[in-house]
Amino acid sequence: MFWVEYKTLDVRCGRRRLGVAAMKLPCSFWFILLFGAGGLVLFIHLQEISEMVQQQAPGVKFRVTPRQMMRKDLCTHSEEGVMRGDLDVGQSPGVEGPSSPIPPMQFPAFEWAWQAATPASRELDLSPARVTKRHRKLLLKNTPAVRALNSSSGLPQDSWQRLSLIQEARKRLVKEVCAKYKSNSKRLVTPHHVSRIFVEDRYKLLYCEVPKAGCSNWKRVLMVLGGLAFSTHEIKHDAVHYGNHLKRLDSFDHRGITQRLETYTKVLFVREPFERLVSAFRDKFENPNTYYHPVFGKPIISKYRANASQAALRTGTGVTFKEFMQYLLDVHRPVGMDIHWEHVNQLCSPCLLDYDFIGKFETMEEEANFLLRRTGAPSNLTFPSFKDRHPHAERTSVRLTRQYFAQLNASERQRAYDFYYTDYLMFNYSKPFKDLY
């Protein structure tokens, strides 16, 4: 009898355990389902908050992941080069800086895409077909920061948007190239790295000088901003380059350098490398020059010209473009490099200094005036376009560059392109010849 009662009790307990287990299984399943749904809602909400932060704090910096692109791929995005159609040949936190009513310039963070837009470089195509949904969404939000910039710019909103997007694309590309090809992007900034940077404290501008890329007129602009002149037109060439009116960043102590790098608008303007090189050669070797002829001309003629005359060896005048290129591409140069044909990435250290504005000589006037409006410069100050050095000489152009490089053979052109390859890649200039690889 006891045994029968024990079995009955055991059967009841077993049924009870099965019932409890049957009740637990649906509860666990619903808990997991509700937890997953809640996580999804939270993720979507955080994405919306992230987009709002990007718009309300345009100066925030984001980590950039380098694009895994080989040299061949990067070079062949666009075959429409600057000369292709014409050259048909085979501070630490808490440190306060100088007082100024002008805040550092900032741009909203935009996504970007590759597209050829000008003969000289591959830029953004901002036609309606290429503007993504995210572009439209960000631009339509028109946050207070964006509205404030627009209201003081004097530019049409579509021009402001186009130039802002181009700036984001250029800065993004420099970061990608530096991450892929440079290993020194995290080095300590030394006075040597900022020796070519000029300072304008009132408007919080740092301008890195790239010779033969509009630097004379940019110095004039800085002098006007600093109150040294009323107009850029009244400043002579010698006053610009030999007057010592502008402060260099390396003249400050470590604290002053750091504070300005962290809070000022850092500006860099570049030019198509071959065109900049030809401009430098014409200026320094085809015109009278008491420095470049004896310092560079004499050793170049002595090493690369057979049967040179005594007059040429004595004065250093008459260096040909082919002789100049032999010197430039020689690993054992008889005389060192010069800032007028030095690489931009060596002059201005773009992998070490995070430039806020990267402009191009080919679109200098529009972009320089856009920058001046962004920094709060006086409305009557515009970027000058005059040429006061050798004013009667033809400006160096695509056509003239074609003529000079036609003096070189295919191998020399390839070596010249390799020499400036980092500048071509970093600043998004197309291959200048069809036969380059």
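This is a predicted model: local features need pLDDT of at least 70, side-chain atom pairs count only at pLDDT 80 or more; totals for chains, interfaces and linings use all residues.
Biologist: You mentioned α9 and α15. At what angle do α9 and α15 pack?

Modeller: Their axes lie 9 Å apart and meet at an angle of about 80°. Since 65 to 115 degrees counts as roughly perpendicular, that makes α9 roughly perpendicular to α15.

Biologist: Which residues make the contact between α9 and α15?

Modeller: From α9 come F274, E275, L277, V278, F281 and R282. On the α15 side you have V398, L400, T401, Y404 and F405.

Biologist: Some of those are spaced three or four apart. Why would residues with that spacing in an α-helix point the same way?

Modeller: An α-helix has 3.6 residues a turn, so residues three or four places apart point the same way.

Biologist: Nice. Let's step back a bit. How many helices and strands does the chain have?

Modeller: The chain comes to 17 helices and 5 strands. It has 437 residues, and 47% of them count as buried.

Biologist: Changing topic: how many disulfides does a search of the whole structure find?

Modeller: The search finds 2 disulfides. One joins C178 to C351, with 1.9 Å from S to S. This pair links distant parts of the chain, 173 residues apart: C178 is in helix α5 (residues 157-181), while C351 is in the loop between α13 (344-347) and β5 (357-360).

Biologist: And which cysteines does the other disulfide join?

Modeller: That one joins C208 to C348, again with an S to S distance of 1.9 Å. Here too the pair links distant parts of the chain, 140 residues apart, with C208 in strand β2 (residues 205-208) and C348 in the loop between α13 and β5.

Biologist: Are these links left-handed or right-handed?

Modeller: The link of C178 and C351 is left-handed, with -85° about the S-S bond. The link of C208 and C348 is left-handed as well, at -95°.

Biologist: What pattern do the disulfides follow along the chain?

Modeller: Counting bonded cysteines along the chain, the pattern is 1-4, 2-3.

Biologist: Why does C178 count as buried?

Modeller: Because its relative accessibility is 4%, and buried means under 20%. By that cut-off C351 is buried too, with a relative accessible area of 14%. In the other pair, C208 is buried at 0%, and C348 is also buried at 0%.

Biologist: One last topic: β5. Are its faces covered or open?

Modeller: Both faces of β5 are covered. F357 and G359 are buried on one side, and I358 and K360 are buried on the other.

Biologist: How do β4 and β5 pair, parallel or antiparallel?

Modeller: Strand β4 (residues 265-270) pairs with β5 in the parallel sense, over 4 bridges. In that pairing, V270 stands opposite K360 in β5.

Terms used
Residues are numbered from 1 along each chain as its sequence is written. Side-chain values use heavy atoms; hydrogens and water are left out. Helices (H or I, at least four residues) and strands (E, at least two) are DSSP runs, numbered from the N terminus. Buried means under 20% relative accessible area, exposed over 50%, partly exposed in between (1.4 Å probe, protein chains only). A disulfide is a pair of cysteine sulfur atoms within 2.5 Å. Two strands pair if DSSP finds at least two bridges between them. Axes are lines fitted to C-alpha atoms, for helices over the stretch in contact, and angles run from 0 to 180 degrees between N-to-C directions. Angles under 35 degrees count as roughly parallel, over 145 as roughly antiparallel, 65 to 115 as roughly perpendicular and the rest as oblique. Contact means heavy atoms within 4.5 Å.
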